[in-house]
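Dear colleague,

I am passing this structure on to you, and below it I have written out what was found. Please read the notes with the structure open beside them.

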Amino acid sequence: MAADEEGTLADMKSHRRALIDPKIRQHRGRIVKTTGDGMLLEFASVVDAVRCAVDVQRGMIARNETVAQEKRIEFRIGINVGDIIIDDGDIYGDGVNVAARLEGIAEPGGIFISRQVFDQVDGKLALRVRKLGSRNLKNIAKPVEVFAIDQMGRSDEAPERDRAEQPIQKVKYCRAPDGVRLAYAISGSGPILVKSANWMNHLEYDWESPIWRHVFRGLSRDHTLIRYDARGNGMSDWDVDELSLDAWVSDLETIVDAAGVQRFPLLGMSQGCAISVAYAVRYPERVSHLVLYGGFALGGKKRAPAEKERRNAMTTLMRLGWGADNPSFRQMFTGLFIPGGTHEQADIFNELQRRTTSPECAARYFDVVGDFDITHRLADVKVPTLVMHARGDLMVPIEAGRQLAAGIPGARFIAFEGQNHLFLEHEPASDRFFEEIRLFLSG
């Protein structure tokens, strides 16, 4: 609307006339009211509601095929079934509120449904449904179990094939030399790709989270992806004696040995980039390619005096409020990691932080990473290297990424548009991330 109000409004009216309103009538729905760029619908049957939603989303995929990404209109749909109150043609109640909240957390072009909806359509419609777990929705007293309907772009006639193509992960455990238990996961098929761990990973939550899911499932489509939770967070041991760059590099060595891989491309993200570089220097015979995203050679505490003071203050706040029920402390980090995220995505990321590690371990991890300095090791990297970074990254400035690339002989540097430290699924950087990796590894 900001770029072209009249054009956007005309497109919306066109979508309604040609697709949305006819589908609502076809599936016996009723438009209760419109809300600017949205609408509230009522159906006599939950099966009709889901069929209508899927038809609309599939239709929008077809209508957007020839439209530039920045001009596409994409809808989010939330569906719930429950008792309602009818007053003067409008409807009210928790049943309505849950549907509205599900729409709010849905992905662009996606459909989120409640457990009640899933129970009623399961086995009746040939759809692939993904379980997202229980979510605390704004102003809803009890957690709601949420499911996502996937593969809207595919026909109903291929549910078995879709299920076969859906990547799954297997979680395993091993022991580091000092006895720390490490959790790792293997997903997908194809050539091996190993991802080094970074802060705030959790193998199970990340696999379902709309913050990380698109990254790991996307990588698993073309590779056998091996990733793990670093000591101090996720499904690996939290209560550990040592948190250090050397310990994390040793943990990566333990993981690849346990997985039985000998030579592989290595992906590092954020602080995982420093760990990946250190490993590649220590074991050049095992790393075929190095892919680094959003990383740095010099920790935040060493980049500038003002940055050191800021990070020391943040470390103190972690110890005081990381695990509190009030997410205000964690929101500070969310604002740095995904400033472009929706309110619902921010809520999910806040909760992910709490589940990933303890306040003490979060503070220790953050403090140690702030003192990283691998600048002296960059020149010793002997493998082909691709470095990628978001131009407006608020967590790790792009200058840190440029310094990382400049120190590695022959490294290629690519800058993505965006402010998020971790690109979200709807951003152009998401597609480009996978494409650049594919081209780099195939070349």
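Helix 8 and helix 9 are roughly perpendicular to each other, because the angle between them falls in the range of 65 to 115 degrees. Please keep in mind throughout that this is a predicted model. In figures, helix 8, which covers residues 245-259, packs against helix 9, residues 272-282, at an angle of about 70°, and their axes are 9 Å apart. The crossing of helix 8 past helix 9 is right-handed. On the helix 8 side the contact is formed by Leu245, Asp246, Trp248, Val249, Leu252, Glu253 and Val256, while helix 9 contributes Ala274, Ile275, Ala278, Tyr279 and Arg282. Sorted by class, the residues of this contact between helix 8 and helix 9 are nine nonpolar and three charged, with no polar ones.

How are helix 1 and helix 2 arranged, and at what angle do they pack? Helix 1 (residues 5-26) and helix 2 (residues 46-64) meet at an angle of about 155°, with their axes 9 Å apart. Since angles over 145 degrees count as roughly antiparallel, helix 1 is roughly antiparallel to helix 2. Helix 1, too, passes helix 2 in a right-handed crossing. The residues that make the contact are Ser14, His15, Ala18, Leu19, Ile20, Lys23, Ile24 and Gln26 from helix 1, together with Cys52, Asp55, Val56, Gly59, Met60 and Arg63 from helix 2. The contact of helix 1 with helix 2 divides into seven nonpolar, four polar and three charged residues.

Turning to the cysteines, a disulfide is a covalent bond between the sulfur atoms of two cysteines. A search of the whole structure finds zero disulfides. Cysteine 174, for instance, is in no disulfide, and the nearest cysteine sulfur, which belongs to cysteine 361, is 17 Å away. Cysteine 174 is buried, with a relative accessible area of 13%, and cysteine 52 also counts as buried, at 3% relative accessibility.

Lastly, where does arginine 391 lie? Arginine 391 is in the loop between strand 15 (385-390) and helix 15 (398-407), and it is partly exposed, with a relative accessible area of 43%. If its neighbours within four places in sequence are left aside, arginine 391 is in contact with Ile398, Arg402, Ala415, Phe416, Glu417 and Gly418. Isoleucine 192 is 199 residues apart from arginine 391 along the chain, and the C-alpha atoms of the two are separated by 29 Å.

Terms used: Residues numbered from 1 in each chain as written. Predicted model: local features only at pLDDT ≥ 70, side-chain atom pairs only at ≥ 80, totals over all residues. Heavy atoms only, no water. Axes fitted to C-alpha atoms, helices over the stretch in contact; angles between N-to-C directions. Helix = DSSP H or I, 4+ residues; strand = E, 2+ residues; numbered from the N terminus. Parallel < 35°, antiparallel > 145°, perpendicular 65-115°, else oblique. Left-handed = near helix turned anticlockwise from the far one by under 90°. Contact = heavy atoms within 4.5 Å. Nonpolar A, V, L, I, M, F, W, Y, C, P; charged D, E, K, R; others polar. Disulfide = S-S within 2.5 Å. Buried < 20%, exposed > 50% of the residue type's maximum accessible area, 1.4 Å probe, protein only.
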